[in-house]
Amino acid sequence: MPSLTCVVVLTGCFTDAATRLAYDLETAAGRVGPADGANYTLVHRVPSNSGECVGPYRIQVDRVGAIIVWCKDAGGSTVSSHSTTYHARFVDTPQTSIIDKPAKDLVVFELERRGGRVLIAAVR
């Protein structure tokens with residue numbers, strides 16, 4: 001049976017930018033208070049692994065429940081893309097947001113509890 005450390009290390013090695021963002025959203029959703037109107041700000045660094053997504057990037061947080069991350073080169077051409085729906089069980093997305101970021105820039109998610117659910121109120 002593998003040790004927990006081994007599992008955690010291997011999980012980190014086999015995830016992509018979208019999945020790591022989804023994991024951060026899961027953790028952040030747990031930090032939003034229980035009352036309606038409670039909020040929490042998540043500041044996420046993309047790329048979150050060395051050598052991955054080193055140029056500018058685009059993030060789409062889709063109202064149907066998908067996160068898509070496009071990694072680009074210096075000329076703006078897509079070199080890889082990653083997607084997940086893992087976060088959808090923890091946060092709702094009432095609107096689609098598409099954000100273009102320069103290399104190494106942070107993306108900020110404003111989370112808020114409404115109607116008993118945590119939702120992504122804003123992405124910037």
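These are my notebook entries on a predicted model of one protein.

**Ground rules**

I count residues from 1 along each chain as its sequence is written, and side-chain values use heavy atoms, with hydrogens and water left out. As the model is predicted, local features need pLDDT of at least 70 and side-chain atom pairs count only at pLDDT 80 or more, while totals for chains, interfaces and linings use all residues.

**Overall layout**

I started with the secondary structure and found two helices and seven strands. My helices (H or I, at least four residues) and strands (E, at least two) are DSSP runs, numbered from the N terminus. Along the sequence the pattern reads α-α-β-β-β-β-β-β-β.

Next I looked up burial: 40% of the 124 residues count as buried. For me, buried means under 20% relative accessible area, exposed over 50%, and partly exposed in between (1.4 Å probe, protein chains only). The protein exposes about 6,800 Å², and carbon and sulfur atoms supply 54% of that. Those areas come from the Shrake-Rupley method with a 1.4 Å probe; for residues, only the protein chains shown count as cover.

I also checked contacts, meaning heavy atoms within 4.5 Å. Of the contacts with a separation of 6 or more, 59% are between residues 24 or more positions apart.

**The sheet**

Which strands go together in the open sheet? I find three, in the order 1-6-7, with antiparallel pairing. Two strands pair if DSSP finds at least two bridges between them. Strand 1 and strand 7 are at the edges with a single partner strand each, so one side of each has no neighbour in the sheet. From one strand to the next, the twist averages 30°. Helix 2 packs on this sheet and touches strand 1, strand 6 and strand 7; its direction makes about 155° with that of strand 1. Such axes are lines fitted to C-alpha atoms, for helices over the stretch in contact, and the angles run from 0 to 180 degrees between N-to-C directions.

**The hairpin**

I zoomed in on strand 6 (residues 106–114) and strand 7 (residues 117–123), which run antiparallel and are joined by six bridges. Leucine 111 stands opposite isoleucine 120, and glutamate 112 has leucine 119 as its bridge partner. Two residues sit between the strands of this hairpin, and glycine 115 in the turn has a positive phi of about 60°.

**Threonine 84**

Is threonine 84 buried or exposed? It counts as buried because its relative accessible area is 12%. I located threonine 84 in strand 4 (residues 78–84). Leaving aside neighbours within four places in sequence, its contacts are Ala18, Thr19, Ala22, Gly65, Ala66 and Ile67. A polar atom of its side chain lies 3.1 Å from the backbone nitrogen of tyrosine 86.

Cysteine 53 is in the loop between strand 1 and strand 2 (57–61). Cysteine 53 has a positive phi of about 55° although it is not a glycine, and it is buried at 8% relative accessibility.

Lysine 104, in the loop between strand 5 (97–101) and strand 6, has a positive phi of about 65° and is not a glycine either. Lysine 104 is exposed, at 63%.

Proline 34 lies in the loop between helix 2 (17–29) and strand 1 (39–45). I noted proline 34 as exposed, at 77% relative accessibility. Proline 34 and valine 118 are 84 residues apart in sequence, yet their C-alpha atoms are 9.3 Å apart in space.

Notes: Polar contact = N/O pair within 3.5 Å; in protein donor to acceptor, adjacent residues only side chain to side chain.
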